[in-house]
Amino acid sequence: MKTITKERMIEHIPVLEVVPDNYQYDELPCIVFYHGWQTSKELALTPARKLAQLNNRVIVPDAMYHGSRRVENRSKIPSFAFWSSIQHNLIEFNLIKDYLYKKQFVLNNQLSVAGFSMGGMTSAGLLTKHPDITSAAILMGTPDYQGFIDRLVFHSNQRNIPLPPDLEDSLSWTKHYDLNTQPEKMADRPIYFWHGTKDEKIPYHASHDFFETYRHKPFGQQMVFDTGVDEPHILTIETMETMATFLDKHFTH
């Protein structure tokens with residue numbers, strides 16, 4: 001199916017909207033797809049098109065400090081800009097959601113989130129606050145926010161990289177979005193995980209342990225986990241297509 005890509009501003013957020021050419025103004029299932037760390041919305045167009053080709057509407061925002069929102073002198077404190085980008089994604093989701101509903105673009109309240117790496121972590125965090133999200137895909141990300149912070153502190157200490165003494169306090173907001181500490185908020189929604197075993201940025205166990213811990217619980221039985229054997233921190237075409245098929249099969253058109 002042919003798709004069209006439009007540049008938009010939703011409030012102050014630059015986004016790309018990817019939609020089937022013949023259904024630009026119709027109500028469709030909608031997905032907000034979040035790109036990874038140090039990339040941009042343009043570099044997430046391929047997975048967005050895979051989703052849109054299945055007759056869905058996809059919104060791809062630029063995260064704060066990325067793409068057209070990039071700043072030259074962002075913080076050099078390890079991981080601070082990373083978490084700030086996630087925090088902005090989490091806060092700005094409501095603006096995107098309101099836009100989609102005001103435009104009457106959302107078919108039967110079907111609104112999903114997905115993302116790669118930092119974008120996958122954003123998607124996991126959103127599940128803690130938005131019971132109206134119908135499904136999600138977490139690709140090479142982790143729902144365990146505190147575990148990721150602990151890993152940063154450990155490796156910084158190992159490498160003698162100084163961290164501000166109050167860094168962890170400044171990230172205390174993350175506990176409110178940590179799906180690992182409130183897994184019941186998955187609420188038995190369909191969630192697709194994909195993670196490569198050779199991921200050096202976000203370890204494989206950071207998402208697989210979560211899956212194994214909660215997959216038999218009543219709230220986690222619709223989780224699906226695919227392992228990329230020997231795959232590094234890169235999103236493959238095959239994974240994009242599998243993700244798109246997973247999310248789409250839980251939509252009604």
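Author: Start with helix α3, residues 118–127, in this predicted model. Helix α3 is mostly covered, and 10 of its 10 residues are buried.

Reader: What makes a residue of α3 count as buried?

Author: The cut-off is a relative accessible area under 20%.

Reader: Why is Lys97 called buried?

Author: Its relative accessible area is 12%. Buried means under 20%, so Lys97 qualifies. Lys97 sits in helix α2, residues 80–102.

Reader: Which residues is Lys97 in contact with, beyond its neighbours within four places in sequence?

Author: Leu111, His130 and Asp132. Contact here means heavy atoms within 4.5 Å.

Reader: Why is Ile161 called partly exposed?

Author: Ile161 has a relative accessible area of 35%. Buried would need under 20%, and exposed would need over 50%. The value lies in between, so Ile161 is partly exposed.

Reader: Where is Ile161 found?

Author: In the loop between α4 (145–158) and α5 (167–170). Ile161 and Ile77 are 84 residues apart along the chain. Their C-alpha atoms are separated by 9.9 Å.

Reader: Now helix α1. Which of its residues are buried?

Author: Helix α1 covers residues 45–52. Leu45, Pro47, Ala48, Leu51 and Ala52 are buried there.

Reader: How do you know that they are on the same side of α1?

Author: They cover an arc of only 165° around the axis, and therefore they lie on the same side of α1. What covers them includes β1 (3–10), β2 (13–20) and β3 (28–34). Strand β4 (57–61) and helix α7 (237–249) are also among the cover.

Reader: What is noted about the phi angle of Tyr65?

Author: Tyr65 has a positive phi of about 75°, although it is not a glycine. Tyr65 is placed in the loop between β4 and α2.

Reader: And what is the phi of Asp230?

Author: Phi of Asp230 is near 60°. That is a positive value in a residue other than glycine. Asp230 lies in the loop between β8 (223–228) and α7. Not counting residues up to four places away in sequence, Asp230 touches Thr197 and Lys198. Asn94 is 136 residues from Asp230 in sequence, and the two are 37 Å apart in space, C-alpha to C-alpha.

Reader: Let us step back to the whole chain. How do you know that its radius of gyration agrees with a compact globule?

Author: A compact globule of 253 residues would have a radius near 18 Å. The chain has 17 Å, so the two agree. Along its principal axes, the C-alpha trace spans about 55 × 45 × 30 Å.

Reader: How many helices and strands does the chain have?

Author: Seven helices and eight strands. Of the 253 residues, 54% count as buried.

Reader: What share of the contacts joins residues at least 24 apart?

Author: The count takes contacts between residues at least 6 apart in sequence. Of these, 74% join residues at least 24 apart.

Conventions
Residues are numbered from 1 along each chain as its sequence is written. This is a predicted model: local features need pLDDT of at least 70, side-chain atom pairs count only at pLDDT 80 or more; totals for chains, interfaces and linings use all residues. Side-chain values use heavy atoms; hydrogens and water are left out. Helices (H or I, at least four residues) and strands (E, at least two) are DSSP runs, numbered from the N terminus. The radius of gyration is taken over C-alpha atoms; the globule rule is 2.2 Å times the number of residues to the power 0.38. Buried means under 20% relative accessible area, exposed over 50%, partly exposed in between (1.4 Å probe, protein chains only). The arc is that of the directions from the helix axis to the C-beta atoms.
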